[in-house]
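Subject: Structure handover and notes

Hello,

I am passing on a structure that you have not worked with before.

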Amino acid sequence: MTAKGMRWWLPPGIETALHYRRDWLWPDIRAGLVVTALLIPAGMGYAQVAGLPPETGLYATIVPLLAYALLGPSRILVLGPDSALAPIIAAAILPLALGNEDLAVALAGLLAIMVGAVLLLGGILRLGFVTDLISKPIRVGYLNAVAVLVIISQVPKLLGFSIDSQSPIREVVAIVDGIAAGRIEPLAVAFGVGSLVVILALTWVRSPVPGVLVVVVVATALAAILGLSGVLPVVGALPQGLPAPSLGGLEWADFAALALPAAGIALVAFTDSAVLSRTFAARRGETVSGSREMAAIGGANIAAGLFGGFPISASSSRTAVAEQAGSRTQLTGVVGAALIVVFIILVPGLTEYLPTATLAAVVIAAAARLIDVRGFIRLVRMDRVDALLSVAAFLGVLVFGVLEGIAVTIALSLLAFVNQAWRPYRAELGLVKGLRGYHDLSRYPEGERIPGVVILRFDAPLFFANGGIFDDFVRSRVKAAGAGIHTVILAAEPITDIDTTAIDKLVDLDDYLVSHGITLVLAEMKDPVIDVLRAYGLTGRFSSDRFAPTVGAAVDEVTGTLRGDIEGTKWDEDGER
């Protein structure tokens with residue numbers, strides 16, 4: 001195995017440990033302390049949404065964090081139970097469990113193992129390239145939408161009441177209805193808004209102590225001292241028990257029943273995690289292998305399933321909190337997992353007085369940092385199509401959900417790419433006095449054409465969708481040039497491939513030009529494309545004298561001039577004017 005191959009199989013956690021820096025230690029520990037305040041209630045809450053005992057949510061937090069710390073390529077990603085997966089898990093296992101809680105836990109574990117196996121296989125087969133379809137506009141729109149979704153989901157908790165809605169629009173309507181009905185709890189608002197103000201203020205003054213940690217400690221202490229647990233929504237005490245295998249009572253038929261849900265959850269988990277991983281990596285100036293990410297998420301799911309958990313993915317809110325708290329590596333996750341174990345064993349009542357409104361403020365503050373207005377404005381200024389794709393990703397995720405929204409935007413991105421390749425930029429080239437090379441005459445109207453020669457450029461591969469446009473473009477320029485044209489020189493460097501349909505168009509074009517006494521010369525065509533022409537048996541038609549290494553060399557050949565013979569033209573080392 002090559003050194004590069006060995007590096008691919010070396011667990012990223014070991015690589016990080018080998019190069020760990022001392023100045024990373026406190027930020028990682030600090031971030032682990034802060035994130036733990038979110039890990040506990042999120043795990044317990046999403047377990048209940050999935051129809052499982054709350055302790056399984058903690059197991060689905062502890063085990064994946066430890067597994068991902070070893071296997072995960074992202075240094076910032078925080079794994080755990082996810083709001084997008086919980087309803088799918090419930091729909092998959094509850095009809096099979098028939099009210100048996102132990103069987104439901106076993107089915108959830110099996111489902112996690114199956115999800116993990118799908119992702120692990122995809123990672124081994126290097127299928128992580130699918131994340132390359134997730135461009136910057138999609139990432140910007142996706143993160144902005146996720147931030148809005150997270151904020152909307154936390155507003156009711158900030159105001160002291162709960163809602164039951166399945167879509168962002170319905171959530172907003174339910175929030176408005178709750179406010180109009182007077183369901184706001186003033187004490188919860190005081191804790192929630194006060195916590196949010198403190199977090200933002202300490203962030204503004206760049207306090208060395210994270211605002212998140214301050215509000216969690218202070219709010220918990222106040223609620224305990226004032227005895228507010230009876231009048232203020234709180235997180236509650238931790239359940240008892242440590243992660244252990246819980247796969248009893250399963251039958252072979254369960255594998256078949258869970259196959260389709262496992263594939264769907266695998267796709268949701270990886271798509272969501274891959275976008276989040278690549279986005280945060282880009283923010284930190286890092287790179288992440290999509291295949292490694294797929295394998296790592298798979299390994300974490302398998303570990304969760306083996307020890308009483310259920311399918312998990314990356315968490316946007318908890319990852320954002322970790323980043324805000326200064327996390328440097330996956331030691332943050334290890335600290336979080338260790339603290340949960342310690343709390344379960346030694347101080348299960350530690351979260352009994354943590355106000356839910358304070359927790360909501362922590363999540364909202366973290367989510368707000370994900371909103372990238374400047375990034376979107378840059379897209380608008382640079383490329384309107386990319387800006388529209390970003391808006392499509394934003395609206396798609398909000399309206400249809402994370403997976404569906406990203407899928408729609410990827411489809412739109414591919415359509416935009418096809419449209420660009422279908423109708424690429426094309427130009428007629430000529431000489432511009434005082435400039436080297438041949439330049440676009442539409443941009444340099446003062447340029448001059450070579451007598452008897454038409455020089456053209458087509459900036460895309462030739463394929464079935466644009467072959468006709470290429471043919472029409474060349475014919476139209478030849479007709480516009482008038483009589484006396486004996487040569488068409490195609491600056492073919494941008495043409496990186498030619499498919500069978502385009503080959504037919506090229507042959508038809510060549511026949512048309514020959515019938516008019518015009519020779520087609522292919523300049524600067526790349527060797528792999530020339531090999532394609534040969535593979536199609538066109539060596540007789542396009543012999544070696546029909547190719548030229550540069551446009552300048554082609555002009556010299558057809559005009560019989562020598563370098564520098566054209567007055568006012570400078571030559572470069574490659575023979576280009």
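The notes below start with the sheet, then turn to a helix pair and to a single residue.

This is a predicted model, in which local features need pLDDT of at least 70 and side-chain atom pairs count only at pLDDT 80 or more, while totals for chains, interfaces and linings use all residues. Residues are numbered from 1 along each chain as its sequence is written, and side-chain values use heavy atoms, with hydrogens and water left out.

The sheet

Helices (H or I, at least four residues) and strands (E, at least two) are DSSP runs, numbered from the N terminus. Two strands pair if DSSP finds at least two bridges between them. Six strands form an open sheet with mixed pairing, in the order β4-β3-β5-β6-β7-β8. At its edges stand β4 (438-440) and β8 (547-548); each has a single partner strand, so one side of each is left without a neighbour in the sheet.

Helix α22 (residues 551-559) packs on this sheet and touches β4, β5, β6, β7 and β8, where contact means heavy atoms within 4.5 Å. The direction of α22 makes about 170 degrees with that of β6. Axes are lines fitted to C-alpha atoms, for helices over the stretch in contact, and angles run from 0 to 180 degrees between N-to-C directions.

Buried means under 20% relative accessible area, exposed over 50%, and partly exposed in between (1.4 Å probe, protein chains only). In strand β6 (residues 487-491), five of the five residues are buried, so the strand is largely enclosed by the rest of the structure. In a regular strand the side chains alternate between the two faces of the sheet. Here T487, I489 and A491 point one way from β6, and V488 and L490 point the other way.

On one pairing, β6 runs parallel to strand β5 (residues 453-458) over five bridges. V453 has T487 in β6 as its bridge partner, and R457 stands opposite A491. Of the six residues of β5, five are buried. β5 also pairs with strand β3 (residues 426-431), in the antiparallel sense over four bridges, and E428 stands opposite L456 in β5.

β6 is also joined in parallel to strand β7 (residues 519-523), by five bridges. A491 has A523 as its bridge partner in β7, and L490 stands opposite L522.

Helix α19 (residues 467-481) makes a right-handed β-α-β unit with β5 and β6, and helix α20 (residues 500-515) makes one with β6 and β7. A crossover is right-handed if, with the strands pointing away from the viewer, the path from the first strand over the helix to the second runs clockwise.

A helix pair

Helix α13 (residues 316-324) and helix α15 (residues 356-368) pack with their axes 8 Å apart, at an angle of about 80 degrees. That makes α13 roughly perpendicular to α15 (under 35 degrees counts as roughly parallel, over 145 as roughly antiparallel, 65 to 115 as roughly perpendicular and the rest as oblique). S317, A320, V321 and Q324 of α13 meet V362, V363, A365 and A366 of α15.

One residue

A223 is found in helix α10 (residues 211-225) and is buried, with a relative accessible area of 0%. Leaving aside neighbours within four places in sequence, A223 is in contact with F191, L228, S229, Y353 and P355. F191 is 32 residues from A223 in sequence, and the two are 9.5 Å apart in space, C-alpha to C-alpha.

Regards
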